[in-house]
Amino acid sequence: MLKINNLHASIDNKSILKGLNLEVKAGEVHAIMGPNGAGKSTLANIIAGKDGYEVTEGNIELNGEDLSELAPEERAHNGVFLSFQYPVEIPGVSETNFIKTAINETRKAKGLEDMPAKEMLKMIREKSELLEIDRKFLSRSLNEGFSGGEKKRNEVFQMAMLEPKLAILDETDSGLDIDALRIVANGVNKLKSKDNAVIVITHYQRLLEYIVPDFVHVLYDGRIVKTGDASLALELEAKGYDWIKKELV
Amino acid sequence: MHACHSCVGRNLIDVKDTLKRFRIKCGMTKVRMELKEKIVSSYVAFENDIDINSEIHDIRTEALQNFEKLGFPTKKLEAWKYTSLNSVLKNDFSIFPNKENSIQFADVKKYFIHDIDTYKVVFIDGKYSSFLSDVTHDGKDICLMSSALSKSKYKAVIENYFNKIAKQDNLTSLNTAFANEGAYICIPKNIEVEKTIQIINFTTGNDIATMIQPRNLIVVEENAHVQIIERHQSLTENAVLTYVVTEVFAARNATIDYYKIQNDKDNSSLVDNTYIEQKTNSEVSVHTFSFGGNITRNNLNFYQRGEHINSILKGITIIEGKQHVDHHTLVHHIEPNCESHQDYKGIFDERSTGVFNGKIVVEKEAQKTNAYQQNNNVLVSDKSTINAKPQLEIFADDVKCSHGCTIGQLDSDALFYMQQRGIPKKEGKALLMYAFANTVLESVKIPEVKSRITKLIATKLGVNIGFDL
């Protein structure tokens with residue numbers, strides 16, 4: 001599904017990614033861990049197509065299509081979803097109107113008619129129940145005045161509504177208490193299928209107890225330096241990152 | 001020797017340059033003079049059609065003298081520092097289009113709020129169109145200024161209210177000098193007008209350049225309530241200059257909701273002078289939606305003569321190209337315990353320019369005043385400009401006055417967030433702009449006006465999305 005080949009990227013002439021390779025197949029869950037500043041969020045932003053990053057070498061393919069020339073919304077239409085580390089507050093735009101516009105613009109890009117209002121409402125009801133979201137939130141302005149945990153839960157709600165092929169969860173666990181973490185993870189697990197894939201970016205092993213990865217990668221200094229199974233996350237939790245740094249020297 | 005030559009040469013060039021600039025300046029002054037003289041000399045012709053023995057005519061003649069003295073406003077005047085009418089005044093205006101022009105309702109239906117039943121006072125090239133209008137004398141007067149100024153049954157109202165609060169400045173004086181036609185609305189005590197009133201001035205563009213000067217008078221007596229929509233609409237790309245004067249009086253407990261829809265063609269300019277006097281416990285709101293036109297200048301003045309008065313001034317400006325919209329507001333708090341709320345939102349794209357000059361005066365006697373002013377602007381393009389100037393003159397010591405003014409860009413993080421969810425950049429921008437302006441729409445009391453404005457905004461932003469769910 002996702003194939004990243006020898007990706008080099010910089011921001012303001014500062015090199016962040018230095019030859020990153022990653023392949024994610026449908027049905028898989030990948031975790032990317034690593035110390036601060038390793039380039040985890042940069043990777044997520046570049047896949048989503050955020051402005052300001054310069055890809056100097058290598059490429060990203062989604063289902064065989066090179067993403068580099070696509071606008072962020074086109075990538076979204078192709079099934080890329082990024083759960084933001086810091087979801088943006090947008091005063092004056094209600095959650096419901098936002099998600100409705102997002103779904104219908106995605107359908108429009110695929111040559112489909114708008115989703116009938118009845119179907120939309122049913123879907124909103126189902127997905128908000130799945131994520132235990134109080135529906136009065138949905139008529140409020142997007143993320144405005146939401147707590148950190150509410151924002152993250154809302155991200156996963158939007159993911160559930162948009163049904164992406166590739167979901168990237170950028171530190172979705174930060175700011176969540178243990179109950180919220182379980183609800184969010186439960187939501188992600190229910191959305192998982194053999195046709196989609198999930199990349200979980202996290203500092204801690206905690207989330208991976210709930211969303212069990214097939215692969216764990218360690219991102220360090222712009223490259224993936226180690227790959228293992230779920231047990232690697234436990235090892236990192238116990239030993240920190242220093243031993244990997246030492247291995248590299 | 002050589003050095004000296006080059007020095008002389010450069011001086012010569014400077015002199016030439018100065019001369020050229022001087023000529024351009026003279027040229028502009030000449031244009032103003034010509035138009036001014038043309039207007040002043042047409043007064044005799046104007047007098048042919050009206051009763052020159054009335055007291056009203058004395059007011060007109062005095063106003064003409066005033067305009068003759070003042071001339072058109074120039075950028076030298078503080079109030080016109082950022083708005084130049086030069087490009088408009090150079091047109092060869094026909095001052096009194098006297099042809100009777102007619103238009104088919106089907107051709108102009110879209111300019112009406114046509115999905116509700118309304119009273120209509122409609123003018124074509126400054127002349128009343130009985131065909132497009134729907135006026136009444138049934139328990140209230142919703143009719144024509146020309147009859148009010150000439151018929152004896154309106155004499156008392158005219159004497160009490162006509163030209164009583166309009167300023168004696170240049171363009172208001174010019175309007176007063178030629179005041180003859182416009183809407184006359186008089187709502188007696190305790191009457192709640194069940195239908196909205198639409199005042200629409202169409203210009204047909206049958207002349208190369210048309211100048212019109214509507215004069216409206218609106219008197220709402222005690223405990224009465226009325227809703228009004230005003231629109232100026234050109235039907236062709238020919239140049240139009242409208243300078244309209246509207247005097248509004250709200251007696252005790254009266255309520256007036258006034259909506260101005262400004263979405264004219266690119267070559268039409270508007271100077272709107274609205275003067276509003278309020279008495280105790282009255283509430284008057286004016287919403288101004290400025291999306292079109294060439295140069296639009298809104299002079300909106302509120303005078304609070306009573307206690308517990310509420311004045312609401314709101315506006316959304318969305319312009320692009322070389323459009324220019326200037327909001328000059330004045331709220332004069334004269335007596336204690338009154339409120340005023342101002343909220344103006346501006347979105348400026350391409351080379352468009354905006355001005356907001358909001359003046360609040362709180363007199364010494366006006367204790368416990370609560371005056372609020374907010375002006376927020378988004379510059380979409382780095383070539384667009386906004387000149388914003390809040391002006392507070394407070395002489396009382398126990399008041400709450402706040403003002404805030406911001407100038408910014410669209411939030412790029414919010415835009416990326418929307419794009420990431422599949423909303424294209426253009427639609428995302430439109431949603432952000434709509435959300436930004438929405439605080440002004442929230443207080444619109446006529447649902448059909450709200451949905452029309454929402455549609456106009458979508459059209460203006462070039463998107464086809466429903467903003468409200």
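This is a selection-by-selection tour of a two-chain predicted model, from chain A across to chain B.

**Before you start**

Residues are numbered from 1 along each chain as its sequence is written, and chains are lettered from A and ligands numbered from 1 in the order in which they are written. Because the model is predicted, local features need pLDDT of at least 70 and side-chain atom pairs count only at pLDDT 80 or more, while totals for chains, interfaces and linings use all residues.

**Stop 1: chain A, whole**

Select chain A. Its C-alpha atoms fill a box of roughly 60 × 40 × 35 Å along the principal axes. The radius of gyration is 18 Å, in agreement with the value near 18 Å for a compact globule of 249 residues. That radius is taken over C-alpha atoms, and the globule rule is 2.2 Å times the number of residues to the power 0.38. Colour by secondary structure: chain A has eight helices and 12 strands. Helices (H or I, at least four residues) and strands (E, at least two) are DSSP runs, numbered from the N terminus.

**Stop 2: the sheet of chain A**

Show the strands E6-E9-E10-E3-E11-E12 of chain A. In that order they make an open sheet of six strands with mixed pairing. Two strands pair if DSSP finds at least two bridges between them. Strands E6 (80-83) and E12 (223-228) of chain A stand at the edges; each has a single partner strand, so one side of each lacks a neighbour in the sheet. From one strand to the next, the twist averages 20°.

Now zoom in on E11 (215-220) and E12 of chain A. Five bridges pair them in the antiparallel sense.

**Stop 3: two helices of chain A**

Select residues 148-162 of chain A, helix H5, and residues 178-191 of chain A, helix H6. They pack at an angle of about 10°, with axes 10 Å apart. That makes H5(A) roughly parallel to H6(A). Angles under 35 degrees count as roughly parallel, over 145 as roughly antiparallel, 65 to 115 as roughly perpendicular and the rest as oblique. Axes are lines fitted to C-alpha atoms, for helices over the stretch in contact, and angles run from 0 to 180 degrees between N-to-C directions.

Which residues in H5(A) meet H6(A)? Show Gly149(A), Lys152(A), Arg153(A), Val156(A), Met159(A) and Ala160(A). Facing them in H6(A) are Ala180(A), Ile183(A), Val184(A), Gly187(A), Val188(A) and Leu191(A). Contact here has C-beta atoms, placed from the backbone, within 7 Å. By class, this contact has eight nonpolar, two polar and two charged residues. Ala, Val, Leu, Ile, Met, Phe, Trp, Tyr, Cys and Pro count as nonpolar, Asp, Glu, Lys and Arg as charged, and the others, Gly among them, as polar.

**Stop 4: where chain A touches chain B**

The contact takes 24 residues from chain A and 19 residues from chain B. On the chain A side, select H2 (72-77), E7 (90-94), H3 (95-109) and H5, the elements that give two or more residues. H3(A) gives the most, with seven residues. The chain A side divides into 12 nonpolar, eight polar and four charged residues.

**Stop 5: chain B, whole**

Switch to chain B. Its C-alpha trace spans about 90 × 65 × 55 Å along the principal axes, and its secondary structure comes to 11 helices and 20 strands. Next, show E2-E1-E5-E8-E10-E12-E14-E16-E18-E20 of chain B: 10 strands in an open sheet with mixed pairing. The edge strands are E2 (127-128) and E20 (400-408) of chain B. Inspect E5 (196-203) of chain B, which runs parallel to E8(B) and is joined to it by seven bridges. Ile197(B) has Ile228(B) in E8(B) as its bridge partner.

**Stop 6: the two domains of chain B**

Domain 1 puts 30 residues into the contact and domain 2 puts in 23 residues. H9(B) supplies the largest share of the domain 1 side, six residues.

Finish on helix H10 (425-441) of chain B. H10(B) lies across E12, E14, E16 and E18 (370-379) of chain B, running at about 160° to E16(B).
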